[in-house]
Amino acid sequence: MKKSILLSLVLILSVSVGLFAQKKSSEKRVKTEHVFEALPYAYDALEKSIDKETMEIHYDRHHRAYFNNFVKAIPGTELEYLSLEEIFAGMSKYPVAVRNNGGGHYNHNLFWSVMSPDGGGKPQNELMAAIESTFGNFEEFQKLFEQAGATRFGSGWAWLSLDENGKLFISSTPNQDNPLMDVVEQRGTPILGLDVWEHAYYLRYQNKRAGYMSAFWDVVNWNEVERRFAAARK
Ligand code: MN
């Protein structure tokens with residue numbers, strides 16, 4: 001009898017300590033704040049490649065919807081405490097709404113950042129050297145990148161990324177997937193991304209995805225791609 005009372009006491013005590021520890025650790029966790037950032041230039045700033053109306057609809061309706069649906073999908077789940085990168089690393093465990101909308105939010109943020117009205121030309125220094133040693137020359141890289149976009153059936157993205165050994169590779173993902181997700185064929189850190197959904201080009205280019213892709217080079221912000229390249233190599 002005495003022994004069983006003692007056992008019960010130990011049990012109650014350990015459950016209480018456990019609950020207390022759990023409460024303490026959840027109190028310490030900080031929720032991740034996700035922000036719908038301003039477009040870094042005016043809607044008509046990229047007019048030489050992408051028209052104002054496309055930019056406005058793309059940013060203010062498509063991207064905003066991905067963002068809103070993403071932040072709606074995570075409250076009350078462990079995802080509230082994770083960064084987008086951490087969510088993508090465990091993507092296969094999470095709901096498809098998080099994959100589509102979290103991916104959509106991240107991908108568009110990257111896309112806006114790698115374009116600029118002062119863009120175009122070629123990358124410099126280490127990124128250029130890496131492109132030349134991986135793909136032969138800059139023109140060959142452009143050709144392979146456009147091919148990745150052209151052969152994506154339906155909607156998706158073309159990417160230039162760094163793999164875990166710091167080597168550049170070109171890939172394409174369907175829908176709003178990206179190379180950070182554990183569901184894709186080739187994983188890495190994307191440094192340049194091109195949206196090849198029809199919503200990204202249909203008003204000006206209609207069905208001519210190739211025309212949109214070749215015009216993209218005139219607005220690529222290589223300074224930002226170089227910054228992402230350096231950050232990914234650290
Ligand atoms: Mn898009």
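Student: At roughly what angle do the axes of H6 and helix H8 cross?

Tutor: This is a predicted model, in which local features need pLDDT of at least 70 and side-chain atom pairs count only at pLDDT 80 or more, whereas totals for chains, interfaces and linings use all residues. Residues are numbered from 1 along each chain as its sequence is written, and side-chain values use heavy atoms, with hydrogens and water left out. Helices (H or I, at least four residues) and strands (E, at least two) are DSSP runs numbered from the N terminus, and axes are lines fitted to C-alpha atoms, for helices over the stretch in contact, with angles from 0 to 180 degrees between N-to-C directions. On that basis the axes of H6 and H8 (residues 209-216) come within 10 Å and cross at roughly 145 degrees.

Student: Which residues in H8 does H6 meet?

Tutor: Contact here means heavy atoms within 4.5 Å. From H6, Phe 145, Glu 146, Gly 149 and Ala 150 take part, and they meet Arg 209, Met 213, Ser 214 and Phe 216.

Student: Within what arc do the buried residues of H5 fall, seen down its axis?

Tutor: Helix H5 (residues 125-135) has Leu 127, Met 128, Ala 130, Ile 131 and Phe 135 as its buried residues, where buried means under 20% relative accessible area, exposed over 50% and partly exposed in between (1.4 Å probe, protein chains only). Taking directions from the helix axis to the C-beta atoms, these residues line one face of H5 because they fall within an arc of 160 degrees.

Student: Which exposed residues does the face of H5 turned away from its buried side carry?

Tutor: The buried residues of H5 pack against several elements, including helix H9 (222-233). The face turned away from them carries Asn 125, Glu 126 and Ser 133.
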